[in-house]
Amino acid sequence: PDEPRRSRGVGRILFLLVAAGLAGLLYYYWGFWEQWGWFQAAKTEATAPPPPAVTVANPITKELIEWKEFTGQFEAVDFVDVRARVSGYLESINFTDGQIVKKGDLLFTIQQDQYKAQLQQAEAQLAAQKAALWHADTELARYSALLKEEAATQTQVDHWRYEKQSAEAGILNAQAQVDLAKLKLSYTTVRAPFDGRVGRHLVDPGNVVGSMGQQTALAQIDQFDPIYVYFTINEGDLLRVLQRRKTAAGPTLEEQRIAIYFSLANEEGYPHEGRLDFTAINVAPTTGTLQLRGIFPNSDRSVLPGLFVRVRVPTLQQRAALLVPGEAVSVDQQGEYVLVVDNKNVVERRGVKTGPQVGERLVIAEGLKPDDLVIVEGILQATPGRTVNPQPAAGSTTQSLEPARAGPGASPG
C-alpha cells in the first residue's frame with residue numbers, strides 16, 4: 001500500500017513541476033513580446049516624419065464693382081451695298097479689292113455717252129423754251145400797245161399772254177429735264193458714300209448693269225471705325241439691374257456714359273474700352289432677352305465685323321467680395337475647390353464658386369468665410385484629412401496662429 005501512495009506523490013510532484021515550467025515560459029514570452037511591441041511603437045513614434053509645412057492666408061476682403069460678362073458680335077457702324085442706279089456697260093473699276101476708301105472716292109464708271117447726249121438734248125429744250133418766252137413776251141408787249149391804239153383786238157393780246165405763260169411753264173419743265181439728265185449722268189460715276197473699306201468687286205468691266213430697271217450690286221463698303229458690338233442680357237439679370245436702378249440716385253442709363261470693355265478670343269483680360277451706346281426698347285418675346293449695343297474705337301481697323309467677342313459690363317453696384325490667389329483654386333470632377341486648414345490643423349476640401357478675375361486673384365462668390373485659412377502654397381503636400389503645419393503667408397493679414405493650433409512636430413512660436 002505504501003508503494004502506490006509513493007507513486008501517486010511522485011506523479012503530483014512531476015505535474016506541478018511541468019505546470020510551473022510552462023507558466024514560466026508563458027510569462028517569459030509574454031513579457032518579451034510586450035516589450036518588443038513597446039519598442040516598435042517607440043521606434044515608430046521616434047521615426048515618424050513631421051507634418052508638412054504649408055502657407056496659409058485669409059481671403060482678402062475688397063469693395064468691387066459687380067460685373068456681368070456677355071458674348072457679343074461686332075457689326076459695322078455703316079455698311080452699304082453699292083449698286084448701279086442707271087443701266088449701261090460697266091466701263092472701269094477704280095479701286096483694288098479690300099482697299100480703304102474715303103467719302104467721294106471714285107469706285108466704278110458706267111458708260112456715259114447716252115447720258116451726256118440726253119443732257120445736251122434737255123439743255124437744248126431749255127434754250128428753246130427760253131427763246132419762246134422771249135418771243136411771247138415781246139409780242140405781248142407789242143399787241144398790248146396796239147390794243148391801246150385800237151389797232152389790235154383783245155383776243156390777240158390774250159393769245160400772246162397765253163404763249164408767254166406757256167413758255168414760262170415750258171422753261172420749268174425743260175429745267176427739270178436738265179436736272180434729271182445731270183442726275184443720271186452723275187450716276188454713271190459710282191463713288192464711296194462714306195469712309196470705309198470696300199470689299200471685292202461683284203461685276204467685271206464689260207457687263208451690262210442696271211438693265212430692266214434692276215439696281216445691280218457692284219460691291220459692299222463697311223465703315224468700322226468706330227465699330228459696334230451687339231450683345232443681349234437675359235430677363236433675370238435685366239430685372240435685377242432695373243431693381244437696383246430704382247434705389248440708386250443719379251442719372252438714368254440713357255444719360256450716363258457707361259464704360260464697357262471687350263476682349264478677343266486670343267487676348268487676356270479686357271484691354272479695350274468703349275461705352276454703352278444703345279438699349280433696345282423692348283424684350284424679344286421669343287428669347288426673353290434685351291439687346292444692347294456698345295461702341296468702341298477701331299482706328300487701326302484690327303477688329304472686323306462679324307467677330308465674336310467677350311464683353312464685360314458693370315452693374316453699377318459695389319459689394320464686398322472675398323479674393324484668393326488664383327493658384328489656390330483647383331478643379332476636379334466635383335468642380336472648383338480650395339484647401340483650408342481647420343482648427344485642428346487638418347486639411348479640408350472646400351467647394352467654391354468663383355467670380356471674375358481681379359489681377360492675380362479670383363473672386364470667391366460662394367464657399368468661403370473671411371476667417372478661413374486657405375492654403376496658398378504647398379498645395380501638393382496637402383491632402384484632405386491630413387494634418388499639416390500651417391505657416392502665415394508673408395505680408396498677409398492672417399491672424400497669428402495660436403500655439404494651441406500648432407500640430408505635432410511644429411516649431412514653437
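These legends describe close-up views of a predicted model.

**View 1. Confidence along the chain.**
The mean pLDDT of the protein is 84. Of its residues, 80% reach 70 or more. Confidence is highest in strand 5 (residues 106–110), at a mean of 96. Confidence is lowest in helix 1 (residues 2–47), where the mean is 58. Over residues 400–413, pLDDT stays under 50. For that stretch the model has 15 contacts beyond four places in sequence. Where pLDDT is low, the predicted coordinates should not be read in detail.

**View 2. The largest nonpolar core.**
This core has 30 residues. Those with the most contacts inside it are Leu107, Phe108, Ile110, Val209, Leu218 and Ile221. Four elements are to be found here: strand 5, helix 2 (113–148), helix 3 and strand 9 (217–234) each give two or more residues to the core. Helix 3 gives the most, with seven residues. In soluble globular proteins, nonpolar side chains tend to be buried together.

**View 3. Leu218 and its contacts.**
Leu218 is among the residues with the most contacts inside the largest core. Neighbours within four places in sequence are left aside here. Beyond them, Leu218 is in contact with Val82, Arg83, Ala84, Phe108 and Val190, among others. Its list also includes Arg200, His201, Leu202, Val203 and Val209.

**View 4. A second core.**
A second, separate nonpolar core has 21 residues. Among them are Ile258, Phe262, Val303 and Val313.

**View 5. Thr188, in a loop.**
Thr188 lies in the loop between helix 3 and strand 6 (189–191). Thr188 counts as buried because its relative accessibility is 0%, and buried means under 20%. Its side chain is joined to that of Gln112 by a polar contact of 3.1 Å. Leaving aside neighbours within four places in sequence, Thr188 is in contact with Val86, Phe108, Thr109, Ile110, Gln111, Gln112 and Tyr115.

Asp158 and Arg161 form a salt bridge. Their closest N and O atoms are 3.4 Å apart. Both residues lie in helix 3 (residues 154–187). They are three residues apart, about one turn of the helix. Asp158 counts as partly exposed, at 37% relative accessibility. Arg161 also counts as partly exposed, at 35%. Side chains of opposite charge can pair when their charged atoms come close.

**View 6. A salt bridge between two strands.**
Asp332 pairs with Arg349 in a salt bridge, with the closest N and O atoms 2.9 Å apart. This pair links distant parts of the chain. Asp332 is in strand 14 (residues 330–332), and Arg349 is in strand 16 (residues 347–351). The two are 17 residues apart. Asp332 counts as partly exposed, at 30% relative accessibility. Arg349 counts as partly exposed too, at 25%.

**View 7. A salt-bridge network.**
Salt bridges that share partners join Arg275, Asp277 and Arg293 into one network. Within it, the side chains of Arg275 and Asp277 meet at 3.8 Å, N to O. Arg275 is partly exposed, with a relative accessible area of 27%. Asp277 also counts as partly exposed, at 27% relative accessibility. How many salt bridges are counted in the model? The count comes to nine.

Conventions. Residues are numbered from 1 along each chain as its sequence is written. Side-chain values use heavy atoms; hydrogens and water are left out. A salt bridge is a side-chain nitrogen of Lys or Arg within 4 Å of a carboxyl oxygen of Asp or Glu. Buried means under 20% relative accessible area, exposed over 50%, partly exposed in between (1.4 Å probe, protein chains only). pLDDT is the predictor's confidence in each residue, from 0 to 100. Contact means heavy atoms within 4.5 Å. A nonpolar core is a set of buried Ala, Val, Leu, Ile, Met, Phe, Trp, Tyr and Cys residues joined through side-chain atoms within 4.5 Å. A polar contact is a pair of N or O atoms within 3.5 Å; within protein, one must be able to donate a hydrogen and the other to accept it, and residues adjacent in sequence count only if both atoms are side-chain atoms.
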